[in-house]
Amino acid sequence: MSRIVFFLVPGVHLLDLAGPAQVFSTAAGFGHPCTLEYVAEQPVVGTAQGLPVVAGTEWPELGPADLVVVPGWRSPAAVPGARGPVGPAIGPAVLRALRDHHARGGTVAGVCAGAEALGRAGLLDGRRCTTHHDVQDELARRHPAAVVVRDVLYVADDRVVTSAGIASGIDLALHLVATWHGPAAAARVARDMVVHTRRNGHEPQASAMFRHRSHPDDTVHRAQDLLDARFAEPLPLPVLAAAAGVSERTLTRLFTRATGGLTPLRYQQALRLERAEHLISHGATADAAARAVGFEDPRMLRRLRSRTAAGA
């Protein structure tokens with residue numbers, strides 16, 4: 001079981017806090033237990049929306065499997081004509097806690113303007129990061145050693161994860177659920193929350209499943225649920241159609257329309273290819289990776305990799 005600690009500052013945005021907390025809470029309900037805790041420098045924290053929230057003032061014992069999230073706040077820099085600091089004062093003990101947790105192998109995340117707190121802790125230096133578009137320039141100015149990536153939902157770099165703001169905190173949390181528990185778990189959480197399993201940007205966000213599951217067709221989702229969970233197994237069309245509760249012809253038609261042209265087989269191949277590339281990047285041979293993802297003939301993986309490299 002992992003511990004997820006939200007550090008709250010005065011003026012915190014409710015959705016920056018509640019969105020990720022709902023993702024992790026929903027995942028826990030689906031068999032991925034975690035403990036959610038809320039810490040602040042004062043026991044009652046006023047929010048940007050006017051609803052006060054209660055938090056503890058003592059940090060729990062944290063280990064490498066734990067996560068610290070800093071939700072964003074209403075920043076004067078985001079208000080036209082306003083001047084002043086990007087966010088409220090944060091004491092040195094908190095910044096030290098963020099640094100120490102990361103140094104011990106833990107993950108830290110900043111939602112929206114929360115990236116500023118990570119910057120003050122020195123965790124953005126030399127790393128790619130993002131934040132809300134209204135404060136991107138200010139973040140880059142205040143932390144010149146950071147590499148601020150614009151126009152993406154979130155960025156993950158060496159256990160430092162930042163998101164663009166507000167609803168993208170949900171995307172950040174879904175990314176972490178997918179990293180810890182697999183993409184099928186993240187898709188299940190997203191569907192339960194009635195949000196798109198959407199991602200954008202660099203390689204970790206380019207999941208085949210996430211590219212082709214932002215549609216409302218429950219029949220296709222039932223087939224995709226089976227493919228996501230058992231992509232390394234032979235799953236012939238009759239089995240998928242039975243799981244979806246429709247005929248083979250109907251499933252093929254609906255699947256192709258919902259995914260933008262993919263058949264169930266092509267979708268399964270995309271999942272296998274993605275997983276194989278991950279294994280190869282971590283030292284597996286192409287033949288070993290092919291067997292691990294369900295290809296009986298390693299030549300099929302080589303053909304798919306060549307086709308992808310060629311842009312086909």
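This is a predicted model: local features need pLDDT of at least 70, side-chain atom pairs count only at pLDDT 80 or more; totals for chains, interfaces and linings use all residues.
A pair of aromatic rings is described by the distance of the centres and the angle of the planes.

In the pair formed by Phe6 and Tyr38, the ring centres are 5.4 Å apart and the planes meet at 15°; because planes under 30 degrees apart count as stacked, the pair is stacked. Phe6 belongs to strand β1 (residues 2-8) and Tyr38 to strand β2 (residues 34-40), so the pair ties together parts that are 32 residues apart in sequence. The two partners can also be described by their accessibility. Phe6 has a relative accessibility of 0% and therefore counts as buried, whereas Tyr38, at 30%, counts as partly exposed.

The pair of Phe255 and Tyr267 has another geometry. Its ring centres lie 5.7 Å apart with the planes at 65°, so the pair is edge-to-face. Since Phe255 is part of helix α10 and Tyr267 is part of helix α11 (residues 264-281), this pair ties together parts that are twelve residues apart in sequence. Phe255 is buried at 0% relative accessibility, and Tyr267 is buried with a relative accessible area of 0%.

Phe255 leads on to the packing of its helix. Helix α8 (residues 218-229) and α10 pack at an angle of about 90°, their axes being 9 Å apart. The two helices are therefore roughly perpendicular to each other. From α8, the contact is made by Thr219, Val220, Ala223, Gln224 and Leu227; from α10, it is made by Leu251, Leu254, Phe255, Ala258 and Thr259. By class, the residues of this contact of α8 with α10 are seven nonpolar and three polar, with no charged residues.

Helix α9 (residues 237-244) also packs with α10 (residues 248-259), at an angle of about 80° and with the axes 9 Å apart. Angles of 65 to 115 degrees count as roughly perpendicular, so α9 and α10 are roughly perpendicular to each other. Here α9 contributes Leu237, Pro238, Leu240, Ala241 and Ala244, while α10 contributes Glu248, Leu251 and Thr252. The contact of α9 with α10 comprises six nonpolar residues, one polar residue and one charged residue. Leu251 takes part in the contact with α9 and also in the contact with α8.

Aromatic rings also meet charged side chains. The charged end of Arg188 is placed over the ring of Phe30, 3.9 Å from its centre. Arg272 lies over the face of Phe295, 5.2 Å from the ring centre.

Conventions: Residues are numbered from 1 along each chain as its sequence is written. Side-chain values use heavy atoms; hydrogens and water are left out. Axes are lines fitted to C-alpha atoms, for helices over the stretch in contact, and angles run from 0 to 180 degrees between N-to-C directions. Helices (H or I, at least four residues) and strands (E, at least two) are DSSP runs, numbered from the N terminus. Angles under 35 degrees count as roughly parallel, over 145 as roughly antiparallel, 65 to 115 as roughly perpendicular and the rest as oblique. Contact means heavy atoms within 4.5 Å. Ala, Val, Leu, Ile, Met, Phe, Trp, Tyr, Cys and Pro count as nonpolar, Asp, Glu, Lys and Arg as charged, and the others, Gly among them, as polar. Rings of Phe, Tyr and Trp (its six-membered ring) pair if their centres lie within 6.5 Å; planes under 30 degrees apart count as stacked, over 60 as edge-to-face and the rest as tilted. Buried means under 20% relative accessible area, exposed over 50%, partly exposed in between (1.4 Å probe, protein chains only). A charge sits over a ring if NZ of Lys or CZ of Arg is within 6 Å of the ring centre and within 35 degrees of the ring normal.
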